[in-house]
Structure formats: C-alpha cells, structure tokens
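Please consult the sequence and coordinates alongside each answer.

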Amino acid sequence: MIERGLRILLPLLVLVLVIAGWQAIVALNHIPPYVLPAPGLVLSTLISDGALLMHSLWVTLLTTFEGFLLAAIGGIGLAILFSQSRLIEYSLYPYAVILQVTPIVAIAPLLLIYLPQPLAVLACAWIVAFFPVLANTTLGLRSVDHNLIALFELYKASRWQLLWNLKLPSALPQMLAGLRIAGGLSLIGAVVAEIAAGSAGAGSGLAYRIAESGYRLNIPRMFAALLLLSLAGVAIFFALSAASHMILRRWHESAVTRER
Amino acid sequence: MNSRHRAIVALRNVGKTFESGTVALRGFDLDVADGEFVSLLGPSGCGKSTALRIVAGLSAASEGAIEWPGGAHEARIGFVFQEPTLMPWADVAANVRLPLKLAHADEARARAAAAQTLARVGLADFADAYPRELSGGMKMRASIARALVTEPRLLLMDEPFAALDEITRFKLNNELLTLWQELRRTVIFVTHSVFESVYLSQRIVVMTPRPGRVFAEVSIDAPYPRDEKFRTSADYAGFCRLVSEALGKVMAEPVP
C-alpha cells in the first residue's frame, strides 16, 4: 500500500521540483519568453490558445487513430496470411522489414510529393505502426503449444477452426503487446509527417502548430503544443495497456497479480 | 491374454524414422484387444510415445501397417498428453467441450456432455475455473475429461501422471482404474514407471531402447478392482520384480 502511494507521490514530487526549478531559473536570469517561457506562461498560453490547440490535437489524434486502426488491420491481417502460407511470407516479409528499417523521416517527404497531404500523413502513421503488430502477431501465431495443435489435428479441426479457436487466442498476448507499441508509434508517424509537411503549410495538426510556432518565434505556444502531444502519447499508452489488461486478466500470466 | 476379445488395433512391423535420421521404432508389433488396459513400458527415448502418436494418427509410420479390425479408427480416439495441454484462455468447461465443438456438435448437448464428464472426474465445481487456477492434478483430470467427452473407444495416454507428485499420482491411478472399469474403454498407457504400469495394467509391453520394438510382454493376472491393498501386496511386489527384471535385461542388451 505504502509502495503504491510512493509510486504516485514520488514522480509528482519530481514534477513539482522541476517546474519550480524551471520557474526560478527563468525568473532569476530574466530569460525572455522567446528563449524559454516560464511554466506559468506555457499554461496560460495553453488556455488562451485552447481552441486552436484543441482543434490541432483533434486533427493529430484522428490521424493517429486512423493510422493505428489501419496498422492493426494490416498487421494482424498480414500475420494471419503469413501463418497460412509460407510462400506469401517468404515473398512479402523482407519488404515489411525494409519498410520498417527505412527511417520514416526520410520517407515522409517523398510520400508528400505523391499523395495529398492528409493521406501522406496517414500513410506515415501506418508505416511506422504496422510492423510491430505484424512482427508480434507473427511470433504469437507461431508460438502455439504443439500439443494443442496435435489435439486439434486429432479432432480433425478445419483450418478455420485451428485459426479461430487456437492460433488467434493463443497469439492474443503478443498481438496486444504489438498494438500497445503501435499506438505510440502511430502518433510518432503522424507527427513526423506533419513536421515534414510543415513547410508546405497546409496542415493543422499539433506538430504543424509546433513547426509554425517555431517559425514565428511563438515559443510558449510551441511548449503548449508539445505538452499536449506528450499527454496524448501517455493517454494512448495507458488506454491500450488498460484494454490489454482487461482482455487478458482472467488467464494470462502477464495480467494476473501474483499472490504471495 | 484376452484372446476371446477381438483386437481393436494392431500394429504390424511398424517402423518410424524421423527426418533427422533417428530411428525411433523398428519392427514394432502390437495387438490391443477391445476393452484391454495395456501399458507400453520402456526407458525414455525408446519410441513408446512415437508408437502412441502413430496409433492416434498424429504421426505417420515410415513402414509397416496399422490395422483397425473393427473399423474402430472412425469410432474416435481420446488422447491425454504428458502435459495437461489445456487452453489457458478458456475455462475448464470450454476446454472439455472443445472436441465436441470441433465436431460441430449441438451446443446444448455439448454443454451437457461436458458437465457430465466433469462430474465423472470430480471437477463439477470447477467448470467455470480457468486452468491457471487449478492444481496439477486437477488440470490432468480436466485433460482426461476432455479426452473422454467424445466417448472414445480407445484412450491413449502418454505418461499423463509423470509430472505429478506421488500422492496425486496414486490418487489419479485409482480414479483412472475406476473410470476404466465403469466405462470399459480400451486404454493404451505409456509410462516409464514399473510400479505404475503393474498397478494399472492387464498387460505390460516392455520395449527395447531406440529403435523401439517389443522385448517382452508380461500379463498382470491380478483381479480388479485394484486398490491400496493391492499396491502393498506380495503379488504386486512379485509382478514389479518380474517386470523390473525384464526391463533390466532390455537395458543390458547390446545396442544393435
């Protein structure tokens, strides 16, 4: 109980100390806000620019969510396809890897040339997010208990029954781990693409606001947008972790609290 | 031995060579009579599990033939693995129902059959529990219930109690014998325990080390029901000595 309290209390204490230190440094050194705004100013900017920033947050979150959804569908779908046919896996897997190891920052400008901007941003979010889903789900589908597979064979299970009743539930923990990573990555992909598109100037997402505010030396708004971005990332992580926990809590070791 | 019964399955000169080149079985012959309780006994790696998997159709024989004189192959087989092999994401009842579900059995009827089988193995109160909430012995009971739910004529058991403690193992031995006497299924039981095989079986097939073949057959002519009294009797000790000697001879044989 005490440990649990400390786990919440200690990071909060650190946060308070950092903010107080930040405020003190800005005040004592008379640092102008276009170099480093004080935390109070960031907060008031967050409120005064609230409508604009919230709209941008909504745009970025929507892209992130769409990218995540497509990554989930694409990653899980491709993993299932791989598990059904070795030939398809051999043919496509190397390209999935290439797509993953090529830095998204380098791909984004190209995509922006060939695709309309909202689509290019979405494509970036998808590209970075889908691989962990694919890799983890593939691992999960391959790690099925061999004896359970034998059991299904013994009872003459069809391919579909094997997939639906054994392989997919068995792969669920890994699949959820992949989705948890994908949520954060999808946000990163959306941000990278928005930044890359920034100079083109047609966007309105949070990262675009950051780039735009940078050009205008509106540093307080930059910080406010950055704060919203990290909060969005944290929220996504917690939401997916909670979902994963809810799904696995009855049976998987990772979600079951150990009794001592 | 049970010559009055017709055979349910017969292995003729069965051999199995794995892709790695390992010869697991060579010239393996076995006749199992309908309703019989027979044990395959041998040192680890002698191919007894392989023989069992070949009977189950989970592995194909490289040579020889498997005959089903009564056409029993279609009459269903139950298989119990060394591990309980339960689906961790499904509760006990759903695990036991699985074979019926895979056969597209009527849902209500499958539920009833699962409940009945669970009651038979003493797990009626744990139908809604998840496997991780069960002890090792209870998991194995659930596994046995799953094998029995299709009312198989032939029950294949691959060292099912090897991983359990002795107290639980004795208890499950007794329960298995009770089940066998009630249901009169044919059981092929793989074990490396002389004591377990003597306690359970009507007949013990002692196998040679790899490549496995039949070295000796010992009939355990002791009446059922067998219980703790039998486990401590002089007869039991005598049979154990007999089987141990056969096993000792097998191990002393030069590898061909």
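**Backbone geometry, packing and domains**

L217(A) sits in the loop between helix 9 (206-215) and helix 10 (219-248) of chain A. The model is a predicted one.

Q: What is the phi of L217(A), and is this residue buried or exposed?
A: Most residues other than glycine have a negative phi. L217(A) is a residue other than glycine, yet its phi is positive. A residue counts as exposed with 12 or fewer other C-beta atoms within 10 Å, and L217(A) has 11. The phi is therefore near 55°, and L217(A) is exposed.

Q: Where does R184(B) lie, and is R184(B) buried or exposed?
A: R184(B) also has a positive phi, near 55°. Its place is in the loop between helix 5 and strand 7 (186-191) of chain B. Because 12 or fewer neighbours make a residue exposed, the 10 C-beta neighbours of R184(B) inside 10 Å class this residue as exposed.

Q: What pattern of elements does chain A follow?
A: Chain A contains 10 helices and zero strands. Its C-alpha trace spans about 75 × 55 × 30 Å along the principal axes. Read along the sequence, the pattern is α-α-α-α-α-α-α-α-α-α.

Q: What percentage of the residues of chain A count as buried?
A: Among contacts in chain A with a separation of 6 or more, 75% join residues 24 or more positions apart. Burial is a separate count, taken over the 260 residues of chain A. The buried share is 38%.

Q: At what angle do the axes of helix 3 and helix 8 of chain A cross?
A: Two packed helices are described by the angle between their axes and the distance between the axes. For helix 3 (residues 50-84) and helix 8 (residues 159-198) of chain A, the axes come within 8 Å. The crossing is right-handed. The angle is roughly 145°.

Q: How do the residues of the contact of helix 3 with helix 8 of chain A divide by class?
A: Helix 3 of chain A contributes residues including G67(A), F68(A), A71(A) and G75(A). Helix 8 of chain A contributes, among others, G178(A), L179(A), A182(A) and G183(A). The residues of this contact divide into 11 nonpolar, 10 polar and two charged.

Q: How far apart are the centres of domain 1 and domain 2 of chain A?
A: Chain A is divided into domain 1 (1-31) and domain 2 (38-255). With centres taken over C-alpha atoms, the separation is 31 Å.

Q: Which helix gives the most to the side of domain 1 of chain B that touches domain 2 of chain B?
A: Domain 1 of chain B covers 7-76 + 154-252, and domain 2 covers 88-151. Their C-alpha centres lie 25 Å apart, and the contact takes 10 residues from domain 1 and seven residues from domain 2. On the domain 1 side, four residues come from helix 5 (residues 166-183) of chain B.

Q: Which elements of chain B give two or more residues to the side that touches chain A?
A: The contact between the chains involves 15 residues of chain B and 17 residues of chain A. The chain B side divides into 12 nonpolar, one polar and two charged residues. The elements asked for are strand 5 (77-80) and helix 2 (92-102) of chain B.

Q: How many residues has the largest nonpolar core?
A: Residues with the most contacts inside this core include L41(B), F79(B) and V243(B). L41(B) touches, among others, I204(B), V206(B), V243(B) and L247(B). Apart from this core lies another, of 56 residues, with L112(A) and A190(A) among them. The largest nonpolar core has 80 residues.

Conventions. Residues are numbered from 1 along each chain as its sequence is written. Chains are lettered from A and ligands numbered from 1 in the order in which they are written. This is a predicted model: local features need pLDDT of at least 70, side-chain atom pairs count only at pLDDT 80 or more; totals for chains, interfaces and linings use all residues. A nonpolar core is a set of buried Ala, Val, Leu, Ile, Met, Phe, Trp, Tyr and Cys residues joined through C-beta atoms within 7 Å. A residue is buried if 20 or more other C-beta atoms lie within 10 Å of its own, exposed if 12 or fewer, and partly exposed in between; C-beta atoms are placed from the backbone. Two residues are in contact if their C-beta atoms, placed from the backbone, lie within 7 Å. Axes are lines fitted to C-alpha atoms, for helices over the stretch in contact, and angles run from 0 to 180 degrees between N-to-C directions. A crossing is left-handed if the near helix is turned anticlockwise from the far one by less than a right angle, and right-handed if clockwise. Ala, Val, Leu, Ile, Met, Phe, Trp, Tyr, Cys and Pro count as nonpolar, Asp, Glu, Lys and Arg as charged, and the others, Gly among them, as polar. Domain bounds come from an automatic or database domain assignment. Lists of a residue's contacts leave out its neighbours within four places in sequence.
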